[in-house]
Each structure stands twice: as C-alpha cells, then as structure tokens.
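I opened the notebook to look up aromatic contacts and charges over rings. The entries follow in the order I made them.

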Amino acid sequence: MAISVFDLFKIGIGPSSSHTVGPMRAAHDFIQALRGRDLLERVARIEIHLHGSLSSTGKGHGTDRATIMGLMGESPDSIDPAIVSPCIEELLESQTLLLDGHLAIPFVWARDLQWHDESLPYHPNAMTLVAHGHADELYRNVFYSVGGGFVVDQGQVDRDELDADTTALPYEFNSAAELLALCRLHDLRISELMMENEKAWRDESEIRAGLWHIWEAMQACVNQGFANEGILPGGLEVKRRAAALHRRLEAMEDDASLITSTFSAMDWVNVFALAVNEENAAGGRMVTAPTNGAAGIIPAVLHYYMKFQQGACERNVVDFLLTAGAVGILCKKNASISGAEVGCQGEVGSACAMAAAGLTEVMGGSAAQVENAAEIGLEHNLGLTCDPVGGLVQVPCIERNAIASVKAINATQMALRGDGEHFISLDKAIRTMRDTGADMQEKYKETSKGGLAVNAIEC
C-alpha cells in the first residue's frame, strides 16, 4: 500500500473531509462512470441514499449539498465555495438538477435524497447513488468515504483492491519501527526518506512546489479566518473569535514578563487553529490535514514555527510536511483517520501526532525524537470521542484543534529534552487507537447520538 503525502494533504472545502469532501468526490466519480459507460445523456432521474454516519450527521456536515455539487460536476479541489449556497437554492426552487453542469433532470429533494440510519457492513460512511433512465435503472454504485477525503466503491471492496496504488517505494515502511530502522540503516532523516519515496511519483522540484502550494493554501485559509467575523452557519449561534483575537494580538505591547511572552506565543497558536477551523465550519476552502475536522492543528503548529523561528524558510515547510506525512501514513495504514470509525482520536489524535513530528524534525530532532514526539501527541488523545453538537463541526471541534495544537508543541518540547528513548512506542499507541476505536460505542463515533452532542441540549 503506497500512500503519498499528497494523499493526506488535499485542498478542499469544509466542513468535513469524510462527510463533505468524500461525498462530493464520490458523486463526481459517479458522473465520470456514467460518461464512461455512455449512459450520461440517458439519465432521467438520480437517487441519493446516505447511510450510517453520513445520515446521522450529514445535514450538519453538508453531505447532501456536497453530493449534489458533485453530481453537478464539481470537484472539492477546484470548486468555489461561494457557489454552493446559490446552486442549492436554485435547485430547491426549480427542482431541476444540472447533471454534470449541463443535463437538466428533475430532482425533488424529499423524494430523491433519502437518509438511512443503518450502516452498511464495510464502513459507517456509505452512500448509494442510483441513475434511472425513462424506463429502467441504468447504473448504481455504493461508495464509502473512509476518512480524510479517501473514497472507495463497492467494486473495489468486493475485489479487495482497496490499496489500489502499488507503486514500488525505495523505502517502504509499515510501522514506525521499520521507519526508524530504515533511517538508521541508510543514515537518513525522516524527511529525507520521505522525499525519496515521493520521488516514486514525481520529481523533487514538483514535490517541493506542491508542498509549498499546500502551505500557501494553509496561509490563505488562516488569512480568511482573520478577515471573517460573525456567526457560523448551522443554528448553534457559535461566534467567530479568530478575527478579534488576531486584532488584539497585533495591538499588544511588548512585555518582558516570561508568562506574558509565553501566553502570547500560545495565543498565536490558538488563533491560527481557530481561524482554520472557523473557515472549515463555514464551508470555506482549506487543506485536509489529514481530515477537515482536525485541519487546524498542522497549519497552527507550522505557522507557529514560521512566525517565531528565526531564519525559517521553504525547506523547513517541506521537511515539516514530509515528516508529518510519514506519521499520518502510519496512522492510516495501521488504525484509521476516520472519526466515524475510531472517534476523534483518529482525527485530532493523528493530526496532533503529525504536527508534533513535523515540528520536532525542523527543530533538529533525531528520528527517534520525532517518533517520541508523535507518540506523545497521539497517546494523550487516545479515547477521544467524536460527538459534534448538532452534527456540526463547531462544538467541540474548533476549540479542540487549538488545544491539540498546543499539545503538539508541548510533545515536541518534551521529546527534544530527551534522547528518543521512551516507554510506549508510536506503533503501540497507534495499535491502541485502533483497538480503542473498535471497542468504542457507535454513539461516540460521529453520529451526534452521545457525549457532548446530547448533553449540550437543554431539555
């Protein structure tokens, strides 16, 4: 199973990688399949069936709207978020869907979009798309949004072809122990090893340019978060805080107090994370890192480094993201980055571990210290439930990203003060995340049927 860093860091829109980005991509793929079978022009009606977690929190996560936009031919990496609401309003008024952006077919929201609480066997994030002609069914497929914007269809599941990328990598690793052994054997830093693996897909200049583009998108998302104020959509009346906090930070006078200076640094980390996740909650453009629900952590920690580390440059950004990607690959391979599968430990926990690893790398840490930092970041998010209030990626998600960002920095600090030796390995922490997720009740895995999601409601 070959996973590229660009599989983990993808430009998309909010509020959810598994419930927004994945469904839009699945619907877009469905349209491509119809075209490839010469069926597109014969379609007279489309049915959408959302199952399990996509049904439970789909309305708050915009799954219905994202699926419609995908059927209209839009893709999460290129869509303008500003067109979504006008397009949906026009569809609701006209009851006409422009399939692939040009083929007008009737679409009655209450009839053609169905919500099903029961999950399908393979994964809790499932959707069935059905295309009808004037007289018969033309084509149907089931898609699974497995976290981080990754999508597989029923055919891949049936053929056991889920790990479709079989690219041969020069330094293949399936565990942190293997990664560390390869670094020792070949005298490579983790970022150097990852760069060599990425060259299996593209040349170094393209890799560096691509990762810098990811960083630019992260910066743009933060800047949008600083520019926008008001109430987030969805009905919880959650107020944006990043813009006001940013203004206060810029206006603060220097203070020699150690507490004041360290508070200020952490304030900046908080505001970076808040800005990203407020934009995500509003459906804005952002980078899945490795999911939308946890998208603020890696940008916040990388912004922290770039702002406060003298001489920080493009090379540091690349090394940070490559190293973070190595940890994300391990989490995805050996557990999950899907909140619907293992709870928020798979999203925020994985992102915290990735950010801690990236920061430790650019701070000069050894491969063992990087692994230690990642383990600390993940270990102290184990058991974290995914229980968004109202099915929205707002409470507790926005603040949770800020807290985990600070936690990642602390994990780096602790790892750099040691020699890389520690009691629990990253592999054991990832295995524990997998096992804890399997034991976790379904109501704590992105269904909004337990935890804060129900206790926050006033009866």
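I began with ring clusters: Phe30, Tyr139 and Phe143 are linked into one by ring pairs. The model is predicted, and I read every entry here with that in mind.

I then searched the whole structure for aromatic pairs and got 7. I looked up the geometry of phenylalanine 107 with tryptophan 109: the ring centres are 6.1 Å apart and the planes stand at 85 degrees. That angle is over 60 degrees, so I logged the pair as edge-to-face. I checked accessibility for both residues. Phenylalanine 107 has 1% relative accessibility and is therefore buried, whereas tryptophan 109, at 22%, counts as partly exposed.

Next I took phenylalanine 226 and phenylalanine 272, whose ring centres lie 6.3 Å apart with the planes at 35 degrees, so this pair is tilted. I noted that the pair joins distant parts of the chain, 46 residues apart. Phenylalanine 226 sits in helix H11 (residues 204-227) and phenylalanine 272 in helix H13 (residues 258-281). Are these two residues buried or exposed? Phenylalanine 226 is buried at 14% relative accessibility, and phenylalanine 272 is buried at 5%. The cut-off I applied is under 20%.

Last, I looked for charges over rings. I found lysine 332 over the face of phenylalanine 150, at 4.1 Å from the ring centre. I also found lysine 333 over the face of phenylalanine 173, where the distance to the ring centre is 5.8 Å.

Conventions: Residues numbered from 1 in each chain as written. Predicted model: local features only at pLDDT ≥ 70, side-chain atom pairs only at ≥ 80, totals over all residues. Heavy atoms only, no water. Phe/Tyr/Trp six-rings, centres within 6.5 Å; stacked < 30°, edge-to-face > 60°. Buried < 20%, exposed > 50% of the residue type's maximum accessible area, 1.4 Å probe, protein only. Helix = DSSP H or I, 4+ residues; strand = E, 2+ residues; numbered from the N terminus. Lys NZ or Arg CZ within 6 Å of the ring centre and 35° of its normal.
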